[in-house]
Amino acid sequence: TADLLTLLDESWARREPRRPYEVYLKVCYDLSRDVREGLAEYSVPVEVSSQLLEYQSTAVRTLARRIMTKQGTMLGDVVGLGKTLTAIAVALMLRDEHGYMPLVVCPKNLVTMWKEHFEAYNLYGQVVPYSTAHRDLPTMRRYAFVIVDESHTLRNDERRDYKAVQEYIHAFDSKTLLLTATPYNIRFRDVANQLSLYIDDDDD
């Protein structure tokens with residue numbers, strides 16, 4: 001019918017190909033969806049808003065959106081750009097919006113820093129070092145939100161701590177935020193293994 005032909009002509013399946021610029025705009029629109037919707041849906045918690053730069057505020061809302069819609073995400077920034085503060089802001093946002101309390105898994109030398117941040121921002125969470133994760137996580141209660149700091153440490157899926165963290169996240173269906181300055185080391189599998197902490201191998 002004429003109506004159907006009109007619908008087809010207005011869709012991506014039209015007879016005349018779209019101009020490359022229009023395809024480019026469509027790709028940009030889709031890739032920026034989490035940013036646009038995150039900015040519209042979430043507000044940065046007042047406890048931390050004055051300490052965040054504009055790019056961090058945007059990141060906080062984008063990360064929160066991805067965590068809630070895609071189960072998790074990775075924040076890969078170079079050293080010194082404020083990944084920890086950004087993660088704290090995300091934790092505060094998810095606590096206020098969804099009642100999530102955070103569990104942080106990190107290298108042993110960062111445990112004290114994370115505990116100090118929790119105390120400073122009244123976050124009632126738990127911090128577990130990689131070195132004891134295999135022992136602590138199987139007996140720990142459910143935390144709906146897990147922050148994996150220095151996640152590149154877990155790029156090898158044969159490690160004992162890797163399996164403990166992965167099993168915990170999958171067992172409790174926890175939302176996950178990976179923090180790393182070096183997501184990619186030698187192999188593409190380095191990144192895939194980190195994402196597999198919260199994504200099943202057969203998931204799309």
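**Around helix H6**

Visitor: Which residue follows H6?
Guide: Glycine 99, and its phi is positive, near 75°. Helices (H or I, at least four residues) and strands (E, at least two) are DSSP runs, numbered from the N terminus.

Visitor: What kind of model is this?
Guide: It is a predicted model, where local features need pLDDT of at least 70 and side-chain atom pairs count only at pLDDT 80 or more, while totals for chains, interfaces and linings use all residues. Residues are numbered from 1 along each chain as its sequence is written, and side-chain values use heavy atoms, with hydrogens and water left out.

Visitor: Is H6 mostly covered or uncovered?
Guide: Mostly covered, with 13 of its 16 residues buried. Buried means under 20% relative accessible area, exposed over 50%, partly exposed in between (1.4 Å probe, protein chains only).

Visitor: Which residues touch the most others in the largest nonpolar core?
Guide: Val48, Val90, Trp114, Phe145, Ile147 and Leu177, out of 33 residues. H6 gives the largest share of this core, nine residues. A nonpolar core is a set of buried Ala, Val, Leu, Ile, Met, Phe, Trp, Tyr and Cys residues joined through side-chain atoms within 4.5 Å.

Visitor: What is tryptophan 114 in contact with?
Guide: Beyond its neighbours within four places in sequence, tryptophan 114 meets Thr84, Ala87, Ile88, Val104, Cys106, Val127, Ile147, Asp149 and Leu179. Contact means heavy atoms within 4.5 Å.

Visitor: What lines the largest pocket?
Guide: Val79, Gly80, Leu81, Gly82, Lys83, Thr84, Asp149, Glu150, Leu179, Thr180 and Ala181. H6 and E5 each supply at least two of the lining residues. A pocket is an open set of points on a 1 Å grid over the protein atoms alone, where a 1.4 Å probe fits, with protein on both sides within 12 Å along at least five of seven lines; lining residues have an atom within 4 Å of a point.

Visitor: And how many helices and strands overall?
Guide: 10 helices and five strands.
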